[in-house]
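Please open the model in your viewer and keep the selection tool at hand.

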Amino acid sequence: MAGSRPTVRQRRLAALLIEFRETAGKTLDEAADRIGCHRTKINRIENARLGISLGELRDLLTFYGVEDSARVDEMVSLARRRREPGWVQRAGQARPTYPDFIEYEDMTDYIRSYQHSVIAGLLQTPDYAREIISAAPSTLKREDIDALVEARMKRQELLERSTPPRLCVIEGEAALRVQVGGTGVLRRQLEHLEKMAGHPSVEIRVVPDRAGAHVGLTGSFVLLAFPGPSLPDVVCLEQRTGTIYLESPEEAAEYALIFDSLRSIALSPEDTLGLIGRVRREL
């Protein structure tokens, strides 16, 4: 991993190690002496340029006085899962900021997604996803598009975990009606939405056109929340050239208010299912 782009998990692990070391009042040299290495190794670990063994990690956490078992478990999980799978690497070749989004999403326990005019990625069918990814003029090659479709489908596997994250999706009504890929592709996509609405961890709502002007008209976003206190909520704003991440508590709080506002004007899950069915039958 040396010389490659540090992953989100590596950067988070490194930041926490620095925080714990400084809170404990320990120097780089003292940390190096503790695990029997040169201070350069500690420096590289804290710069997210070098991994750390689980034994070294546990030893340092003990040295830093970290006794909270939940914090220790979190650190161990970050260390164990620091490497990117091949499908994430392939997606990153097409969209350099995408691996960060995948990692954030993989670590979350609560996803709030507002999409004004497209179906949320975690709920897309392969055909619908391919049409969306291929739609805009770009320099993406066929293999890049294939990699992005693969990544979108692999991302959805998190909903099949034994303990999946909660997913609350709010769609604009336009997302149900724009005929992405033609009537056949859209019909199958709406059928998939109806199926996913029955998933125990998934809530789907639609803001109807009759709601008029509302704050969601200014753009879509995803808000990710994480277990434990060490990682603050992250707001993800997707652009054609990449994803922008807003990580300050103030920004996250603002988008949480926006999401709550949209939820208050959206149809109930039951009425949303009724609307999806009506649109599907009209195709």
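Select helix H1 together with what covers its buried residues: the cover includes helix H2 (28-35), helix H3 (39-46), helix H4 (54-63), helix H5 (69-80) and helix H7 (98-107). Helices (H or I, at least four residues) and strands (E, at least two) are DSSP runs, numbered from the N terminus. The model is predicted, so local features need pLDDT of at least 70 and side-chain atom pairs count only at pLDDT 80 or more, while totals for chains, interfaces and linings use all residues. Residues are numbered from 1 along each chain as its sequence is written, and side-chain values use heavy atoms, with hydrogens and water left out.

**Helix H1**

Now colour the buried residues of H1, which are Val8, Arg9, Gln10, Arg12, Leu13, Ala14, Leu16, Leu17, Phe20 and Arg21. Buried means under 20% relative accessible area, exposed over 50%, and partly exposed in between (1.4 Å probe, protein chains only). An α-helix has 3.6 residues a turn, so residues three or four places apart point the same way.

How far apart are the end C-alpha atoms of H1? They are 24 Å apart, which agrees with the 24 Å that its 17 residues should span at 1.5 Å a residue; the expected span is 1.5 Å times one less than the number of residues. After H1 comes Gly25, with a positive phi near 75 degrees.

Next, select Arg9, which is found in H1. Is Arg9 buried or exposed? Arg9 has a relative accessible area of 6%, so it is buried.

**The cavity**

Rolling a probe the size of a water molecule over the atoms shows where empty space is left. On a 1 Å grid over the protein atoms alone, a cavity is a set of points where a 1.4 Å probe fits but cannot get out, and a pocket is an open set with protein on both sides within 12 Å along at least five of seven lines; lining residues have an atom within 4 Å of a point. Grid points are joined across faces, edges and corners, and a volume is the space filled by probe spheres set on the points.

The whole structure holds one cavity of 30 Å³ or more. The largest cavity has a volume of about 50 Å³. Select Gln10, Leu13, Ile45, Leu50 and Gly51, which lie nearest its centre among its ten lining residues. H1 (residues 8-24) gives the most to this lining, with four residues.

**The largest pocket**

Move on to Gln115, Ile132, Arg152, Glu238 and Gln239, which lie nearest the centre of the largest pocket, lined by 34 residues. Its volume is about 890 Å³. Which strand supplies the largest share of the lining? That share, four residues, comes from S5. Elements that each supply at least two residues include strand S1 (110-115), helix H8 (126-135) and strand S5 (234-239).

**The nonpolar cores**

Finally, select Leu57, Leu123 and Leu176, the residues with the most contacts inside the largest nonpolar core, which has 70 residues. A nonpolar core is a set of buried Ala, Val, Leu, Ile, Met, Phe, Trp, Tyr and Cys residues joined through side-chain atoms within 4.5 Å; contact means heavy atoms within 4.5 Å. A second, separate core of 18 residues includes Tyr114, Ile170, Leu223 and Ala225.
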